[in-house]
Structures are given as C-alpha cells and as structure tokens.
Amino acid sequence: MIEVEKKFILSPENETRLITGSEFLGERMQTDVYYDTENFSLSLKEWWLRTRNGAFELKVPITHNLDRLAEQFEELEEEGQIRKVLNLPGENLAEDLKTQGYAPFAKIVTTRRKYRRGHFNIDLDQVDYGTSTYTIAEIERMVSTESEIEAAVTEIMSFAKEIDLTIVRIRGKVMEYLKRHRPEHYRALVNAGVIKDF
C-alpha cells in the first residue's frame with residue numbers, strides 16, 4: 001500500500017475541526033526508534049528505517065519532489081522486503097543491521113489518537129522527544145497504485161480547505177527532531193536537497 005498524507009498544525013481549533021463528525025478509533029502510545037549509518041546513507045535518500053514498538057518498518061518515498069503537497073511513501077513491513085531493499089543478507093535483522101553499521105539516531109514516543117472520517121485516517125499526535133514535545137495532525141489516504149496518488153492528494157487538500165484547516169508547511173516528527181536535537185544531520189539533508197529548511 002502507498003501512504004499519502006499531509007501534516008497540519010494541531011491547534012485547538014484545528015483539532016475541533018478534524019474530530020467533529022469523525023469516528024474515534026482509539027488511542028495508543030507508540031515508540032519509534034530510527035536507524036541510519038554515520039554518513040546518513042538512508043536519510044539522504046529520504047528512506048526511513050525504524051522500529052515501531054519493536055517491529056521493523058521501512059518507508060521509501062514514491063517521489064522526491066520537494067514541492068509536493070503531501071507526503072507519498074511506500075511502507076515496507078515484511079522483513080524480507082526490507083532486507084531486499086537494503087540488500088542485507090542474514091537471519092537476525094537487528095544484528096545484521098548493527099553489523100552493517102546501522103545504529104539508532106532518534107527515539108520518538110508518540111501518544112496517538114486515531115480517527116476515521118470518510119476515506120481519511122486522521123492521526124492526532126502528541127510527540128515526546130525526551131526533553132521537548134511537539135503536536136501534529138496528519139490526514140492520510142491509503143492507495144494501491146501510484147496512479148491514484150494525485151487524486152488522493154487532491155482529496156486531502158479539498159477536505160482540509162472544506163473544514164478550514166490552517167495550511168502551512170510543517171515538519172514531520174523526525175524532521176522536527178533533527179532540527180531541534182541533531183542539527184548536523186538536519187543540515188546535511190538540507191544541503192543535499194532532500195528537505196527544504198523553513
């Protein structure tokens with residue numbers, strides 16, 4: 001599946017607009033640990049390898065357009081798929097990653113409230129970086145093929161305008177973490193044209 005999502009500032013006003021008429025699906029806490037090499041070999045490609053509550057996942061971008069309106073990632077959750085993309089042989093993924101020079105660079109704990117509204121998944125996140133916090137909302141639309149992405153982006157943006165959300169550029173949880181706590185890593189991504197600084 002392909003995840004198409006747009007992030008929004010989670011102000012009290014935006015939260016009210018998002019949850020009014022939405023179905024509450026539950027709340028959970030998730031701990032994400034992100035991995036990369038010392039020379040940022042994954043994040044310089046905008047690949048995000050993490051464990052979420054202990055299970056490995058790899059997010060790979062569908063496009064590298066810095067001006068895209070919404071994030072577009074393929075999410076790989078099966079170990080075989082992750083090994084294939086990383087060209088990583090072996091039998092114990094955690095140990096094999098360590099052997100190949102991958103190490104954690106961020107631990108992000110998120111309390112997530114999930115909602116459903118029509119076609120959209122809505123996540124309201126309270127993020128804990130250990131020494132600071134961040135609040136963010138995501139509107140997500142899952143699609144099966146790349147040909148559906150453009151329509152999904154249009155749907156998300158139309159929905160956001162319809163409920164009068166504040167639409168501005170916003171950093172995701174990992175980018176915000178890097179900007180606050182790992183400025184050298186953040187600057188490397190900016191310099192390489194992976195992200196825009198704002």
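Where is the place of E46 in the chain? E46 sits in the loop between β2 (23-36) and β3 (48-52), where helices (H or I, at least four residues) and strands (E, at least two) are DSSP runs numbered from the N terminus. The model is a predicted one, in which local features need pLDDT of at least 70 and side-chain atom pairs count only at pLDDT 80 or more, while totals for chains, interfaces and linings use all residues. Residues are numbered from 1 along each chain as its sequence is written, and side-chain values use heavy atoms, with hydrogens and water left out.

The chain holds six helices and eight strands. Along the sequence these elements follow the pattern β-α-β-β-β-β-α-α-β-β-β-α-α-α. The radius of gyration is taken over C-alpha atoms, and the globule rule is 2.2 Å times the number of residues to the power 0.38. For 198 residues a compact globule would have a radius of gyration near 16 Å, and the 17 Å of the chain agrees with this. Along the principal axes, the C-alpha atoms fill a box of roughly 50 × 35 × 35 Å.

Of the 198 residues, 48% count as buried; buried means under 20% relative accessible area, exposed over 50%, and partly exposed in between (1.4 Å probe, protein chains only). The accessible surface of the chain is about 10100 Å², and carbon and sulfur atoms contribute 48% of that area. Accessible areas come from the Shrake-Rupley method with a 1.4 Å probe, and for residues only the protein chains shown count as cover. Among contacts (heavy atoms within 4.5 Å) with a separation of 6 or more, 61% join residues 24 or more positions apart.

For the charges, Lys and Arg count as positive and Asp and Glu as negative, with His and the chain ends not counted. Each charge is placed at NZ of Lys, CZ of Arg, CG of Asp or CD of Glu. On this basis, the mean positions of the 28 positive and 35 negative charges are 4 Å apart.

Strand pairing was assigned where DSSP finds at least two bridges between two strands. Strand β1 (residues 2-9) runs antiparallel to β5 (residues 71-76), with four bridges joining them; the bridge partner of V4 in β5 is Q72. β1 also pairs with β8 in the antiparallel sense, over eight bridges, and in β8 the partner of I2 is V143. Seven of the eight residues of β1 are buried, so this strand is largely enclosed by the rest of the structure. Strand β5 in turn pairs with β4 (residues 55-61), again antiparallel, over four bridges. Within that pairing, K59 has E75 of β5 as its bridge partner.

Several loop residues were examined individually. E46 has a positive phi of about 65 degrees although it is not a glycine, and E46 is buried, with a relative accessible area of 7%. N53, in the loop between β3 and β4, is also a residue other than glycine with a positive phi, near 50 degrees. E148 occupies the loop between β8 (133-143) and α4 (149-162). At 33% relative accessibility, E148 counts as partly exposed. The C-alpha atoms of E148 and Y115 are separated by 22 Å, the two residues being 33 residues apart along the chain.
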